[in-house]
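Please open the model in your viewer and keep the selection panel at hand. The tour moves from one selection to the next and says what is found at each stop.

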Amino acid sequence: MLILTCPCCGVTGEETEFHAGGEAHIKRFGPGSDDEQFHSYMFAKENAKGVHFERWRHNNGCGKWFHAARCTTTLEVFGTYSAQTYEPPKEIKDKISARRPGWSWREFA
Amino acid sequence: MSKPVSALEGASYQGFAKVEEVGLRGMITIRGDLKSAGMKKAAAAATGLDVPGQREVKLDGDTALAWMSSDELLAMVPYAEVDDRIAAIDKALKGKHYLAVNVSDARAIFRLSGGNAREVIAKLSPVDMSSDAFGLGQIRRTRMAQVPAAFWVDETGAIMVVCFRSVAQYVFDLLKGAAENGNQVGYLN
Amino acid sequence: MSTRLAAGGRLLNKDRAYNFTFNGKRLTGYQGDTLASALLANDQMLIGRSFKYHRPRGVVASGAEEPNGIVGMGEGAKFEPNQRVTTTELFDGLTCASQNHWPSLEFDVGAINTKLSRFLPAGFYYKTFISPRPFWKHVYEPIIRKSAGLGKAPKERDQDKYEHFYAFSDVVVIGGGVAGLQAAYAAGKTGAKVLLMEQTAHWGGRAPVDSAAVNEGKENINGKPVDKFVDEIVAELEKMDNVTMRTRMMGAGVYDHGYVLGYERVNDHQPDAAGPRHRLWRVRAGHIITATGAIERPLSFAGNDIPGVLLASAVRDYAINYGVSVGDRTVVVTNNDDAYRTAITLKTLGLSVPVVIDARVLPEDSALMAEAKAQGIRVMMGHAIASVKGGKRVTGVEICSQAGEGAVLETIDCDAVAMSGGWSPVVHLWSHCGGKLVWNTDFAMFQPDVDKPPLGADGNGFVTPAGAANGALDLGGILADADAAGKAAATATGHKVGKGKAPTAESVEEAPMAPVWLMPQGAGIKKRMKAWLDYQNDVKVSDVQLAAREGFESVEHAKRYTTLGMATDQGKLSNINGLAILSDALNQPIPQTGTTTFRPPYTPISLAAIAGEARDERFQPIRKTPIYGWHEENGAFFEPVGQWRRPYCYQKPGESVHDAVKREINQTRERLGLLDASTLGKIIVKGPDAGKFLDMLYTNMMSTLKPGKCRYGLMCNENGFLSDDGVVARIDEDTFLCHTTTGGAETIHGHMEEWLQTEWWDWKVYTANVTEQYAQIAVVGPQARKTLEKLTDADLSSEALPFMAWADITLGDGIPARAYRISFSGELSYEIAVPASRGRELWDLLLAVGAEDGITPYGTEGLHVMRAEKGFIMIGDETDGTVIPQDLNMQWAISKKKEDYLGKRAQERSHMADPKRWKLVGLQTVDGSVLPDGAYCVAEGTNENGQRNVQGRVTSTYYSPTLDKGIAMGLVLHGPDRMGEVIDFPKVDGTIVKAKIVDPIFYDKDGEKQNV
């Protein structure tokens, strides 16, 4: 059972306090988008082996959403950060580079 | 004259720790910019207390102001004074984007006292209840068995537990079971 | 015979005798005994029967690895099957009984299976019961089920208490032998918070036994006897405030990110004491030390399963710890030096050891060998046991050369055999979370590969093995390794290590062991069929070899095919021997074969401990409205709605549920009904962007709603499907109150917060879930206004408070209330929200003032029927996660002016606009009966799978008291275009119900009743 640190309230808690919310940094496509864009937004999800970015909610806690950068094979948590951002912050990316040189995930590396 | 009644009408249980439902308490959820001057004014107007820092609770007898999340506070005041305090908050934050709403009736509050009260919580919530990890002035929102709950330690060393009103009986039963005589663990001081 | 010796028994309190019974037989033991030692002390060697062949079984081990000695413990509400006698502490009044035999332990009919064992090899069931196919379900399975399962399930409710406990510690040390003690001490000295757990009731593990087995002083720690070292270090640890020590607590499992389950058997040894029976510790550790010791391996020779054949270490444990001799004449058979300790111990205690049979050929005598010989014990090097003689008890052994095929050279009478095949570190906890293993050739054992530990949240290893569990088998090596582990764990958790040195130890040097996996080396099939690997599941050397021949080459496949290691002991004794045999059969080295996966728990833990507090009234939260008490007292027939319990109806004495529902509806339609609607979700949405936000959430336009008014709205998820509905009230310019369904309150609040926090975080909107702040009571029916007017001066006329408006009013004795004129029943209706703490007060008031109009509380079924009569949809009935508003003909609730709302883009997809989507219609049976819920309407022909085509289904169906006939709603292909058509709904009994497609609004289509 994982432990995560909520960047909003600072609590380091066990997984039962949190709720996983799928892939992070997804851009919404609404009316006006074509079928391919909408399909990709709605259904095509990363299934990374290794570095992955996810959304989590501290539902049994402060109630806030946040992002987590994790390794899906070793379960290492590289860091958690604000949900109000379009990309992982530099310090998180640097930390991943130090631990997993040459990593990439979608458009990030 | 009829009067408002709390969920369990003051139920209590004495085990190795004492569990008491403490009756109705005024509670106001305040959402807004916690760092703003207006919020400082609103906090003072509602409770006479400073805006608490992350996961802090400011205490003054039965009045308290707790940090619930980065944009939310919980003010605890006498039940009968909630409308006045909300009016004071409204005044302090007039023109600002905020929310102040009465949640007094949506909650149940329990007081846990006795030397081993911390162990009662530690049986139900995945939280380090050792006194060096969780002390006076801190509030923790988490789950208690299968429901959300929040708790803090008051000046007397008692632990105050807040949960939703609809599950008051469930939470009371949980606390009661955990506090039964003979169920001491002897791990926490 | 096995018996209690006059002397010895370091763990016993001989001043305290305990009475207990086994199969009804009254026996006596001492405080400090395990059930195993007490049974042996009473010469109860035969304890059970094996699973498959019903072979006689006696204890083979002295600890958690025991496969044979399992019994049913206690009676009635205290009964529990499959309890290991070796880990059960004796208490006064204990009762237990043997398992897996009929009619009796001594005479068991099932033992015929052993005679048939030639015909019951590995895979027998798979091969035999495969055909004819239909036989499986009706013949084979019932018969096999009857003989499956070990022990009997308890019949009565468990009367004991169980609980969880969340603990946090820098360092968790699992195992309280000398390694665990030293590791805890080394870590504790740094100031780190340490939790040390030991599964037995005693500290020190087996080291005191081993040192006591050799002559005084030859094995010591810091120059002191091991016993004394243990006492002293325990005393030191007890003085440390930062160290917690728990006995009777097993490290059951190691999981991701330093999570450890500790299984504390608080009261198993004192069943009448206060407190929980078991406590499951859910520990989060900074670092874990596994000081779990090692387990001795059996040797594989013919007849090694006969009661009286035990592990050599176990024979020694029983003698030294419990003063019990397993036999008067014990033959020792070994491939290593350690077993000589047993020979020496027995001899020293005055018992007979006719011979030590050692499979090795050594150039010179080792120290222990020399000591044994000096005591006059005969040693036969290079020899083996050809077979053990005896049935329910060992009577002798036949000796042969290890190198040959088993020609008997000599027969020696004996009543016990002590065997040792070497030692295996207990790597289970190291491996649970991914720690890898390496093969140690010198000791023929797997041990932790310390370079490949399980990884924690920070990406670093979080488990360090220590002592014998790490492959250190000598006392000095164990202590040095444990000391280093303790310090490493403390360092890993940010503590500074001081100067303290590891204790030094003197121990007897041992000659190398020799891997011996089969005895004798060239044993023929007859012997291999009698050489047991798994004692409980009856897996023999021949079975594993057969599995290999039949192609089950993967160790995981061979395990499942043979059931090797699948018994309640999970192969603690059998696994290494089994995979050595498998490797040999496959002609590959053992590391290449590998091990099966080690999974938690280490030994079985009680289900009740896993459940913890979650049982009886605490099984799950039951949410109660402020009016719940009244419902309970007034005949409510409750139904669960999410975690809420809502009255389905209120039964009067002698009234059926059906009649109650009918009465409630009729009374509400004709006069006055009352509904506890408190469970409805209520969410405040406030801010300058609240209107814009609600326009995104709801399919219709909410921003144009005027303060003081209400509007019904639909919510879809981003995939277009209808997820919730409810009435929104605009409180003021920037505040809305959104009503959700009962089940939707938390979900929809979460849904709102998700979009606000993760997509539109620059929008100025705050939400608050105030569902439980209010008790909400619907006053419904033609007399609703008149009734409420008795409680308020407020103007409730249709001019002052028209349909779909709300007003703040005061009721009764100053109860602040908000009255919403909304209706889910089609009647004149007010939903009154008051503070929850005054909900019951208002309910009672309404009952009092409504009495003259026959006020009638109604339940959820009445609510459902009345809404169906009105053609109102219900989330969860008309919707199931695949239904869009357009399917329900609710285009009227979808704004065409809005550029966007959640679900809009999804609803533009071609299949969402497909005219063939089934649409909502009303259904009226031709004969007036009630359609079965969920029934499908059939169409002509069959689909590609040969199944009958369908063209619609029933979504809601009720008996309508108002219309006195069955009414239903359903989704039907081209439904709205087929009004009046009669379609067929087959029932499960094969008959067909004919129903006419009609308008879904069955009652008061123009809304005249609600709009008065």
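This is a predicted model: local features need pLDDT of at least 70, side-chain atom pairs count only at pLDDT 80 or more; totals for chains, interfaces and linings use all residues.

**Chain C as a whole**

If you colour by burial, 56% of the 1012 residues of chain C count as buried. A further view is given by the contacts in chain C between residues at least 6 apart in sequence, of which 67% join residues at least 24 apart.

**The domains of chain C**

Next, give each domain of chain C its own colour: domain 1 covers 1-159, domain 2 is made of 168-295 and 425-503, domain 3 covers 298-421, domain 4 covers 622-903, and domain 5 covers 915-1012. Now hide everything except domain 1 of chain C and domain 2 of chain C, whose centres, taken over C-alpha atoms, are 31 Å apart. Where these two meet, domain 1 of chain C contributes six residues and domain 2 of chain C contributes eight residues. On the side of domain 1 of chain C that touches domain 2 of chain C, you will find three nonpolar and three charged residues, with no polar ones.

**Where chain C meets chain A**

Bring chain A back into view and select the contact, in which 22 residues of chain C meet 22 residues of chain A. On the chain C side of this contact, look for α22 (745-758) and α26 (904-907) of chain C, each of which supplies at least two residues. The largest share of that side comes from α22(C), with four residues. Colouring the side of chain C that touches chain A by residue class shows five nonpolar, five polar and 12 charged residues.

**Where chain B meets chain C**

For the last stop, show chain B together with chain C, and select the contact, to which chain B gives 41 residues and chain C gives 38 residues. On the side of chain B that touches chain C, the elements giving two or more residues are β3 (26-31), β7 (99-102) and α4 (168-179) of chain B. Start with α4(B), which provides six residues, the largest share of this side. Coloured by class, the side of chain B that touches chain C holds 21 nonpolar, 14 polar and six charged residues.

Terms used:
Residues are numbered from 1 along each chain as its sequence is written. Chains are lettered from A and ligands numbered from 1 in the order in which they are written. Domain bounds come from an automatic or database domain assignment. Two residues are in contact if their C-beta atoms, placed from the backbone, lie within 7 Å. Ala, Val, Leu, Ile, Met, Phe, Trp, Tyr, Cys and Pro count as nonpolar, Asp, Glu, Lys and Arg as charged, and the others, Gly among them, as polar. A residue is buried if 20 or more other C-beta atoms lie within 10 Å of its own, exposed if 12 or fewer, and partly exposed in between; C-beta atoms are placed from the backbone.
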